Amino acid sequence: MSQKNGGYRDADIYIVGLGITGIEHMTRETEAVCRRSNEVLAVATHPSILRYLNTLCPKVTDLYAPSYREDEHRGKAYDTMTANVIAAALAHPPVTFATYGHPMMYVFPSRQLRWLAPYFGLKVRTLPGISSLDTMLCDLGVDPGAEGLQMYEATDLLIRQRPLQPDVPCLIWQVGTVESVLFSTAASRPERFWRIKEYLLRYYPADHELTAVHSSMHPLLEPTTTTFRLGEMEEHHLTLHQGLTVYIPPVGMRPTADKELAERISSVAHLESVTQPHTAVRR
Amino acid sequence: MPMILDAGVVMSATVNGAMKALRHHRHRSPLCQEGGMSRTAMNEILDRSMLDEDFRRAILADPDGALAGYDLTDAERAALGSRDADEATKLAGRSPVAAIIVVNISNLNTFITSIVYLENLIATRPDVDERDKARIRQRCEEITQLDGDRTEPIKELLATMW
């Protein structure tokens, strides 16, 4: 296989994100490494994205079709993706593993590739992409700078009984697949949401309003949001599909605990006490 | 109203149910038959609007004008023009997810591919100890020496680690 860029390459495997709504979410950096690659192996949300990747790289492989099997552990699908990428990188480096969203945002194959590739002597470089967290912050109008942000995967939240802070905005991912790691296209029963509702009720009142959000996957569509009371969560079992993330707004604001520091943060004298003189910085 | 909606496909009101229903009705509904005019038009619009910004802007600015040359049902035309998931939901008569289905309704492959996004990827693998690492390293060296496609040996190696 010919070497691109005059034989120079800084990685054998590039791991990139394709964004959420389509090619406009792809970064120039991502496009550049796709051009540099001898093969792009992709998990895309739309066939036209694969075709667009084909304009950047002559060999594009769709990883979705050979990877998923009904009722099979999702881990097997990830193993198939990982194995295909490693095999391609051994055969004709460099290659790109491209997934929708951000490659390090709920994408196990990316983590597995980073872990396994060095055993084969392969160098990996990971590039950022626009994640569904990014799009959801826009869809919801939430800025983590104001009150912070906590986020958990739904099943992990229950298994580890992770404590929640009700005064901090919260995102619960993969509510629609809670309580199972098996890949399934079957609709959920109300019972699926009993346990997570009971867990959330430890921290939030039953009439607290939650919003299920699903960012747009196509530039012609708007995002969808559904708001419901926590106490009625299981009634929305048909709405809570696999792609939704549930946003839980904070219950009130945490009061100031360190009043002395709160008074000092606008003080020039305090700033000077924690910074070096400008002359010292120049040196 | 497209026949597929009349047939109650989206009444399952979930992505999962609708996907199964779409599979089922693909062989029954004229709308979803391979090569049907509406399906061809929707495919072209979906693909073109993903890749062609000018076309997308034209749809957003003047949906009737931009889509005039396409053989679409009224519901498809309305869903594409409005961008409004709730409106599309009303058309479908059911869940917000129906909005996606309405737009992709004539393109089963597109819709199924979209499902990938709906299944965010997460898993955790148990930690490996030093002895495991030595075994993995040795097996990786062996696989590297193999001729031909190494995909299956790598999958087998990974399977031993779950």
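Biologist: What is the mean pLDDT of chain B, and what share of its residues reach 70 or more?

Modeller: First the ground rules: this is a predicted model, where local features need pLDDT of at least 70, side-chain atom pairs count only at pLDDT 80 or more, and totals for chains, interfaces and linings use all residues. Residues are numbered from 1 along each chain as its sequence is written, chains are lettered from A and ligands numbered from 1 in the order written, and side-chain values use heavy atoms, leaving out hydrogens and water. pLDDT is the predictor's confidence in each residue, from 0 to 100. For chain B the mean is 61, and the share reaching 70 or more is 46%.

Biologist: Which strands sit at the edges of the open five-stranded sheet in chain A?

Modeller: Strands here are DSSP E runs of at least two residues, helices H or I runs of at least four, numbered from the N terminus. Two strands pair if DSSP finds at least two bridges between them. The order is β6-β7-β10-β8-β9 of chain A, with mixed pairing. Pairing on one side only makes the edge strands β6 (150-153) and β9 (224-229) of chain A.

Biologist: In β10(A), what is the bridge partner of A:Cys170?

Modeller: Strands β7 (residues 170-173) and β10 (residues 245-248) of chain A run antiparallel, joined by three bridges. The partner of A:Cys170 in β10(A) is A:Ile248.

Biologist: Which residues of helix α6 (residues 74-82) of chain B are buried?

Modeller: Buried means under 20% relative accessible area, with a 1.4 Å probe and protein chains only. For α6(B), the list is B:Ala75, B:Glu76, B:Ala79 and B:Leu80.

Biologist: Why are they on the same side of α6(B)?

Modeller: The arc is taken from the directions from the helix axis to the C-beta atoms. Those residues lie on the same side of α6(B) because they cover an arc of only 125°.

Notes
Buried means under 20% relative accessible area, exposed over 50%, partly exposed in between (1.4 Å probe, protein chains only).
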